[in-house]
Amino acid sequence: MTKSFWIRIRNLICSPLFFISVGVGFYLLVRYRIGCFIAYYSKLGPVSFFEMGDVFLNDLCSGHTLSGFSWITSILAALPTATLYCDDCEWGYIRFILSRKNRMVYLKETYWIVSVVGGLTIAVPCTMATLFFLAFGKLNIASNNVYNYATSFDETVYGHYQFIWGGIALALFLIVLSFVFGALWASIGLLISFFWANKYATVALPFIIYFMIHLMLYQNGKLLVFSPATLIMPNITAIPYPLFPLICLLAYVLIVYTLYSNLVRIKIEDV
């Protein structure tokens, strides 16, 4: 990778929008547990976070599904990254860059920059939330499960894997999913930006696409396993095998990259 690759990644990671996305994501993931703590404290008196903490995988799953986090991840991923090409055009950097760099090199570099930072935008708050729930919750071991109820993954294909390292192994897998998920939706926003160089469109359209895909797949229960909302938190019984969400996300990434490589190459020739 070129020096400019790392400089642009550093600039995106240090940007206010990156911190906003990470902060909002973390807040949404822990909001449900903090809300429960405040409600319990106000009605029943003093209680510590440690006393309120559940098995951390339960808290992590609740943070995804009950806070709206899973629905706005496409916006959070695209917010600090997908406007990169728009910024290059708006500030006139694009002609200067292309005068010194091969067009295909620029396209590939821009794609990987956006994908890496987009992935981090979702993976970082997921990692922070996992550490938060681990600090104030319980490991997923038999002695911490009440009435033989394990976790939200109990009836899924992850039922046999959720106890590895006290649930940490499954949590790490979910972080990997969140990274690939963020990279996917950031790259979709980037693809849109080459054909509609509008900052608002590059952030809003990925969410619209995300929502429409989910609605279409929701009409058929068997296809729901392919929904983006399911792939980032695969706690439904329809998931056929453990690596299915990761393989699905990587397939979506490959489709987007193929479209990007072929369509944008033609578009950039006019710049």
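Which residue just after α4 takes a positive phi? That's G68, with a phi of about 90°. Keep in mind that this is a predicted model. The chain has 12 helices and zero strands, and buried residues make up 48% of its 271 residues.

**The chain as a whole**

- Reading from the N terminus, the elements go α-α-α-α-α-α-α-α-α-α-α-α.
- Take the contacts between residues at least 6 apart in sequence: 77% of them join residues at least 24 apart.
- The accessible surface comes to about 13,400 Å², and carbon and sulfur atoms account for 70% of that.

**Helix α4 and what follows**

- Helix α4 covers residues 56-66 and is mostly covered, with nine of its 11 residues buried.
- The buried ones are F56, L57, N58, D59, L60, C61, S62, G63 and H64.
- Two of these, G63 and H64, turn up again among the residues that F69 touches.
- H64 is also touched by S70.
- G68, the residue with the positive phi, sits just after this helix.

**The largest nonpolar core**

- This core has 60 residues, and F69 and Y260 touch the most other members.
- Helix α9, residues 168-195, gives the most to this core, with 15 residues.
- In soluble globular proteins, nonpolar side chains tend to be buried together.
- Leaving aside residues up to four places away in sequence, F69 touches G25, L28, L29, G63, H64, L76, I122, C126 and I232.

**How α5 meets α9**

- Two packed helices are described by the angle between their axes and the distance between the axes.
- For α5 (residues 69-78) and α9, the axes come within 8 Å and cross at roughly 65°.
- That angle makes α5 roughly perpendicular to α9.
- The crossing of α5 past α9 is right-handed.
- On the α5 side, T73, S74, A77 and A78 take part, and they meet F181, G182, W185 and A186 in α9.

**Two residues inside α5**

- S70 lies in helix α5. Is S70 buried or exposed? Its relative accessible area is 6%, so S70 counts as buried.
- Not counting residues up to four places away in sequence, S70 touches H64, Y210 and I232.
- T73 lies in helix α5 too, and at 0% relative accessibility T73 counts as buried.
- With residues up to four places away in sequence left out, T73 touches I122, F181, Y210 and I232.
- Y210 and I232 are on the contact lists of both S70 and T73, and I232 is also one of the residues touched by F69.

**S227, in a loop**

- Where is S227 placed? You'll find S227 in the loop between α10 (199-218) and α11 (228-232).
- S227 is buried, with a relative accessible area of 0%.
- S227 and L217 are 10 residues apart along the chain, and their C-alpha atoms are separated by 6.4 Å.
- Setting aside residues up to four places away in sequence, S227 touches H214 and L217.

Methods: Residues numbered from 1 in each chain as written. Predicted model: local features only at pLDDT ≥ 70, side-chain atom pairs only at ≥ 80, totals over all residues. Heavy atoms only, no water. Helix = DSSP H or I, 4+ residues; strand = E, 2+ residues; numbered from the N terminus. Buried < 20%, exposed > 50% of the residue type's maximum accessible area, 1.4 Å probe, protein only. Contact = heavy atoms within 4.5 Å. Areas by Shrake-Rupley, 256 points an atom, 1.4 Å probe, with all protein chains shown as cover. Core = buried A, V, L, I, M, F, W, Y, C linked by side-chain atoms within 4.5 Å. Axes fitted to C-alpha atoms, helices over the stretch in contact; angles between N-to-C directions. Parallel < 35°, antiparallel > 145°, perpendicular 65-115°, else oblique. Left-handed = near helix turned anticlockwise from the far one by under 90°.
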